Each structure stands twice: as C-alpha cells, then as structure tokens.
Amino acid sequence: MDNSNFETLPEDLQKEILLWLSPKSLVKFTLVSKKCASIIRGEEFKALYMRRSMTRPRVLIVANESTGEKSLVFHTLYQEEEPLLSSCHQQPMRITNNAPRFIASQPILGLICLRNGSEVVIHNPGTKNIQTLPKIKAPSLSFKKTFFGYDGVTEVFKVLCITGPRGFKPSRKCHVYTMGSGKNSWRRFKCRKRHYPSTEVLCKEGNLYYGAQSISRKSLLMRFNVRSEEFSVIKLPNQQVNFCRGWNLVNYNGKIAVAKNVDVDTGDLQMWVLDDMGEWLSEIITIPRWKETTNNCTYHFKGTIGTGELVFIARYFVDESPIVLYYNKNTKNLRRFTLEELFKDLPPLNHSSYHNIQIFLNHIDSTWLM
C-alpha cells in the first residue's frame, strides 16, 4: 500500500487494516511514519491486537539447534484447526556458541521468558524483539528455576527465579525482576517454605502455580501471587499425587488440575481438578484406541485448548519427530499430528539435531516490547 494513501485514511480504518497484519509486518510499519508507530505502540491498539489474536491461539515450539549456527528456533501453528496449519515461518534467534541451550517458561500474552544459566531474556517470537535482564546473582553450579508471570490488574510482568544448592535440594532463596519498574535489578527474598520446583508453571488470574518437592520429598502445589509476591501452599488431593512419578500440572478447561500419565493398557487419564471453591474434584477420562495409537509410548497430557480437546505430547522422541495427539471427549476422535513437516528448511526435528524441544499451548501474537 502506498504510504501517502494510507496516511490519508481515517485513523479507525488505519487501525482496522493494521489489526490484520502479522507482528513482523507491524514492526516494518513502525518505520513508515511516526503516526503509524504511535498507533501500533499505543495501549488501545495493543489491547485490540491481543483480543483478536486470542480468537486464534497457537501451539508454540521452541527448539535449541545443536548443529550449524546453534540457533534458537521458534515455530507456531494454529492449534484449533484441522489439519493444523503453519501460521508463520520459522523465526530463528541467533545465540552464541557458548550458550547453546535456553530453557523456556510458559509464554504469556505473546512473550516468553528464556534462561541459560544466569542469563535471562524476555522475547517476543512474533516481532523478534528481545529484552535482556541482568544476570541472576547466584553460584554458577546452583540450580535455577525461572517462571514468568503477569498481573492483569496492575498490568505488570514479573520473572520469579528460585535458586539453591546443586543436587536438586529444596531451597528458600528467591529472586524477582519487575519489568518496566525502572529498576534494572533482581530483588532477593526468602520463601517461608523450603521447596524445589519440579513442574512447568501455570499463570492464572495473577498467580503462578507450579508443582514442587519439599525437604521431606513430599509433593507440593505452590502458588505465588505476582502482585503481593507472597507464597502459599495448596494442599494436594491425596498422597498418590507425586510430581516425580508421572503426575503433572495442567490447565484443564481454564482450571488448575493435576494429571497422571495415561495408563497405556486401559487408556485411562486420571486427574484432579481444582474448582472455584478450592475443592479437588476427581475425573477419569478413558481414551479409546490409546495403546494402538501411541504404540506403547508415554505421552504427557499438556492440557486443553479452546475446542475442549485434550492435547498430548510424546515424552521421548530421540530419532523421530515429536507427535501431538488431540482427543475430543464428545466425538471420541483421537487425531495425530507430526511436527516434522514444519521444519522442512531446517535440520530434522529430533534430539540428534536439537538439545531441547519444548511445546506450549495457547500462545498468541502481541505487540509487547515493540
């Protein structure tokens, strides 16, 4: 579109046109004129763009390439369409050879937190914008678990990092970084409950939830309030829930749930769902043809998507490409999707070519960090 013609359009129409552009294209439009940049970086457009993106959430794949230039590769695909459609091209982020592995935390509002040792960056995969945080001040051999959170009331992002002695020993040491606070430093404090994080994190209504192990090796469900920066422990439904023995924390239809790996022989998915009153409700879902479909492989239950379908990811895929399974409880349909075809111009998507492959649900595009 000719720049002069676009500038003559009413601002509401300009916004409507810009809402249909990809994040990559929006970055280019910020260079067109000061007015375009002002619209795209404005709070109103940011909210409109995210609201539209939420109607078509995506699966986000993060893979650390171990060959060639050792890139960190991102890829997204629409998660609620069949067949699953690639929604953008690979977006490699180049990193140095001495930092070949980044661990990602659950993405929030289009942003993802990446950590390698004491280095932490916040990245927008759609725009390729990066914010580098100060290094975490902790011994190089200590364990570090980083979680990314957001409080919708104050509209503030924070990074929580738990550190402790090597050997996966429970710790009380915590570090918090507040984005946009004007203070470019980590604040240190101690959690009253000594624990070691052992699951991925879920961010829900301004709280971070994650599974952990206590000093007595008992499984805990930790909750961290992003605004108050206070921890609390949620009592698990029973002693059988063990995050070190096949149980995981998932988002089940918008609620916090703990789920066990599907029984290979029976196809039973056992879980406990935390209701709005703080009570645990038991649910067992039997998935037909599970053993034949999975070929006796172990799959992690990753949670549900907007269609209500349950999503499973293969736990191990050394020489083969990752496989995603979608199960619809109503139609009893179990569909299978291989991610290899998305990486046609890159090394094969397996652990021979990549150090670490992580898959996240419900990722959206946004203009944060633009």
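**Exercise 1. Decide whether strand 9 is mostly covered or mostly open in this predicted model, then find its partner strands.**

Solution.
Step 1. Strand 9 spans residues 171–178, and six of its eight residues are buried, so the strand counts as mostly covered. Buried here means under 20% relative accessible area.
Step 2. One partner is strand 8, residues 156–164, which pairs with strand 9 in the antiparallel sense over six bridges. Within this pair, Val159 stands opposite Tyr177 of strand 9.
Step 3. Look at the connection. Strands 8 and 9 form a hairpin, with six residues between them. In the turn, Gly167 has a positive phi of about 95 degrees.
Step 4. Another partner is strand 10, residues 187–204; it runs antiparallel to strand 9 and is joined to it by five bridges. Here Val176 has Arg187 of strand 10 as its bridge partner.

**Exercise 2. Work out which residues of helix 5 are buried, why they lie on the same side, and what covers them.**

Solution.
Step 1. List the buried residues of helix 5 (residues 43–53): Phe45, Lys46, Tyr49, Met50 and Ser53.
Step 2. Look around the axis. These residues cover an arc of only 130 degrees, and therefore sit on the same side of helix 5.
Step 3. Check the other side of the helix. Glu43, Glu44 and Arg51 are exposed there.
Step 4. Identify the cover. Helix 2 (11–18), helix 3 (23–29) and helix 4 (34–40) are among the elements that cover the buried residues of helix 5.

**Exercise 3. Name the buried residues of helix 2 and explain why they line one face.**

Solution.
Step 1. The buried residues of helix 2 are Gln14, Lys15 and Leu18.
Step 2. Viewed down the helix axis, they fall within an arc of 100 degrees, so they line one face of helix 2.

**Exercise 4. Give the strand order of the open sheet of four strands and say which strands stand at its edges.**

Solution.
Step 1. The order is 3-4-5-6, and the pairing is antiparallel.
Step 2. Strand 3 (103–104) and strand 6 (129–132) stand at the edges. Each has a single partner strand, so one side of each is left without a neighbour in the sheet.
Step 3. Follow the pairing at strand 6. Strand 5, residues 119–124, runs antiparallel to strand 6, and four bridges join the two. One of the residue pairs is Asn124 with its bridge partner Asn129 in strand 6.

Note on methods:
Residues are numbered from 1 along each chain as its sequence is written. This is a predicted model: local features need pLDDT of at least 70, side-chain atom pairs count only at pLDDT 80 or more; totals for chains, interfaces and linings use all residues. Side-chain values use heavy atoms; hydrogens and water are left out. Buried means under 20% relative accessible area, exposed over 50%, partly exposed in between (1.4 Å probe, protein chains only). The arc is that of the directions from the helix axis to the C-beta atoms. Contact means heavy atoms within 4.5 Å. Two strands pair if DSSP finds at least two bridges between them.
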